[in-house]
Amino acid sequence: MVQIAEVTGLFDRRASDDAPTQGLAVTGRWGELIPTPREAGTSTRLVVERGADEGAEFVISAPLTVIGRHRDCDIVIDDVTVSRFHAELEIVDGRYFLRDSGSLNGIYVNRRPVQRVELFESDEIWIGKARFTFHTGAAADLAVPAQR
C-alpha cells in the first residue's frame with residue numbers, strides 16, 4: 001500500500017546554524033524533512049495522466065491553486081500552449097471549482113470547453129497538452145497503479 005504525505009517541516013534549529021527562524025515543525029537530527037502522514041479519505045489531488053510530468057500527483061489543500069506556465073504558479077506546466085496563469089482551482093465551502101483565468105487556449109473538463117465548472121471525482125481536465133484526473137476523498141488515497 002502506498003502512503004502519501006505532505007511535507008510540513010524544515011530544518012532542525014539544533015542541528016543547523018543556518019536553519020530558518022520561523023516557528024515551523026521540528027524535524028529529525030540532521031535537518032532532514034519528515035513527512036506528516038495524512039488521514040485516509042481527506043486528500044484531494046490532481047494526477048497527471050499525460051504530459052511531461054506523467055504520473056505526478058499534486059495535493060490540493062490551499063483555498064486557491066494557480067495552474068499555468070509561469071514559475072510562480074502552484075502547478076507549473078511546461079508547455080507553450082499553456083498561458084502563464086492559465087487556470088485556478090478554488091475550494092469554496094468544501095466544493096472544488098476550476099476556472100479559466102482568461103487563457104488563450106481554454107480549459108476542458110471531460111472533453112468539453114468550460115469557463116468555470118465544479119469538479120467531481122474522476123473528472124478529466126485538459127490544460128494545453130497536459131491531462132489531469134481529479135481525485136478527492138477516499139478515492140484519492142487509493143494507490144495509483146504504475147503504467148508502462
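Predicted model: local features only at pLDDT ≥ 70, side-chain atom pairs only at ≥ 80, totals over all residues.
View 1. Ser103 sits in the loop that runs between strand 8 (95-100) and strand 9 (107-109). Its side chain makes a polar contact of 3.2 Å with the side chain of His86. A polar atom of the Ser103 side chain also lies 3.0 Å from the backbone nitrogen of Gly106. Leaving aside residues up to four places away in sequence, Ser103 touches Ser83 and His86.

**View 2. Salt bridge between Arg45 and Glu57.** Five salt bridges are found in the whole structure. In the one shown here, the closest N and O atoms of Arg45 and Glu57 are 3.4 Å apart. Arg45 belongs to strand 3 (residues 44-50) and Glu57 to strand 4 (residues 57-59), so the pair ties together parts 12 residues apart in sequence. Arg45 is buried, at 1% relative accessibility, whereas Glu57 is partly exposed, with a relative accessible area of 32%.

**View 3. Salt-bridge network of Glu88, Glu90 and Arg99.** Glu90 is partly exposed at 23% relative accessibility, and Arg99 is partly exposed at 27%.

**View 4. Salt bridge between Arg95 and Glu118.** The closest N and O atoms of this pair are 2.8 Å apart. Arg95 in strand 8 and Glu118 in strand 11 (residues 116-118) are 23 residues apart, and the pair links distant parts of the chain. Arg95 is partly exposed, with a relative accessible area of 43%.

Technical notes. Residues numbered from 1 in each chain as written. Heavy atoms only, no water. Helix = DSSP H or I, 4+ residues; strand = E, 2+ residues; numbered from the N terminus. Polar contact = N/O pair within 3.5 Å; in protein donor to acceptor, adjacent residues only side chain to side chain. Contact = heavy atoms within 4.5 Å. Salt bridge = Lys/Arg side-chain N within 4 Å of Asp/Glu carboxyl O. Buried < 20%, exposed > 50% of the residue type's maximum accessible area, 1.4 Å probe, protein only.
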